[in-house]
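This briefing goes through a protein model by topic. Please look over the sequence and the structure first.

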Amino acid sequence: MYKKITFIIILIFSLFLYYVARKYDAVNALKFAFAKDYVPFYEAAADEFWIVGIFICFASWVWVDVVVIKTKQLFWLWIPFLFIIVVTITNTNHEEKLFHFKKANGLWKGGFSLSYVFGIGVIIIAGITLIINYLAFKWYFSKADKLIS
């Protein structure tokens, strides 16, 4: 039962992320006279994707924790980690596109993009969280088994 519900949730979350990511690409279809008019739409679409993506990652992590407690199958912990990787890589690409768009159209104010560094940092933090979550469940299940015995 939990497997079916989890697969449906994963499918819904994935489709929603795809939809929000496509909204970013739809900014290219807008017709403006000046390049500077595109920037607020690019930034809004990138911010929306990041907020929705992080919410989906958090919601999937909570759901997966419930599934792990009920089924005692730790492999489910990889699902939210994969979501975080996909969201971070997509957001990094959005930020890089925006950076290069500003640079190509004379809207650049100097400096450089740290989106790759930020993306790697988010993935490392998510990996550490995954390891801590895994170890916490291993400890919880070992204590629960000792109490039952």
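Helix α2 is followed by K72, whose phi is positive, near 60 degrees. The model is predicted: local features need pLDDT of at least 70, side-chain atom pairs count only at pLDDT 80 or more, and totals for chains, interfaces and linings use all residues. Residues are numbered from 1 along each chain as its sequence is written, and side-chain values use heavy atoms, with hydrogens and water left out. Helices (H or I, at least four residues) and strands (E, at least two) are DSSP runs, numbered from the N terminus.

**Confidence**

- The mean pLDDT of the protein is 88, and 99% of its residues reach 70 or more; pLDDT is the predictor's confidence in each residue, from 0 to 100.
- Where pLDDT is low, predicted coordinates should not be read in detail.

**The residue after α2**

- K72 is found in the loop between α2 and α3.
- K72 is not a glycine, yet its phi is positive, about 60 degrees.
- Most residues other than glycine have a negative phi.
- K72 has a relative accessible area of 44% and is therefore partly exposed; buried means under 20% relative accessible area, exposed over 50%, and partly exposed in between (1.4 Å probe, protein chains only).

**Helix lengths**

- The expected span of a helix is 1.5 Å times one less than its number of residues.
- The 33 residues of α2 should span 48 Å at 1.5 Å a residue, and its end C-alpha atoms are 47 Å apart, which agrees.
- Helix α1, with 24 residues, reaches 35 Å from its first C-alpha to its last, close to the 34 Å expected.

- The buried residues in α1 are T6, F13, L17, V20, A21 and Y24.
- These buried residues of α1 pack against α2 and α3.
- H94 is placed in helix α3 (residues 78-104).
- H94 counts as buried because its relative accessibility is 4%.
- Apart from neighbours within four places in sequence, H94 is in contact with A21, Y24, A46 and F49; contact means heavy atoms within 4.5 Å.

**Salt bridges**

- A salt bridge is a side-chain nitrogen of Lys or Arg within 4 Å of a carboxyl oxygen of Asp or Glu.
- Side chains of opposite charge can pair when their charged atoms come close.
- By this rule, the count comes to 2 salt bridges.
- One of them joins the side chains of K23 and E48, at 3.1 Å from N to O.
- K23 lies in helix α1 and E48 in helix α2, so this pair ties together parts that are 25 residues apart in sequence.
- K23 is partly exposed, with 33% relative accessibility, and E48 is also partly exposed, at 30%.
- Leaving out residues up to four places away in sequence, E48 touches V20 and K23.
- A salt bridge also joins the side chains of K102 and E43, at 3.2 Å from N to O.
- That pair links distant parts of the chain, with K102 in helix α3 and E43 in helix α2, 59 residues apart.
- K102 is partly exposed, with a relative accessible area of 24%, and E43 counts as partly exposed at 31%.

**Surface**

- I120, I124, I128 and I132 form a nonpolar patch on the surface, and together they have about 390 Å² of accessible area.
- Patches are made of residues with over 30% relative accessible area and no salt bridge; like charges are joined within 9 Å, and nonpolar side chains (Val, Leu, Ile, Met, Phe, Trp, Tyr) within 5 Å.
- Accessible areas come from the Shrake-Rupley method with a 1.4 Å probe, and for residues only the protein chains shown count as cover.
- I120 is in helix α4 (residues 115-148), and its relative accessible area of 53% makes I120 exposed.
- K4 lies in helix α1 and is exposed, with a relative accessible area of 62%.

**Distances across the chain**

- K4 and L130 are 126 residues apart in sequence, and their C-alpha atoms are 23 Å apart in space.
- E48 and N105 are 57 residues apart along the chain, and their C-alpha atoms are separated by 23 Å.
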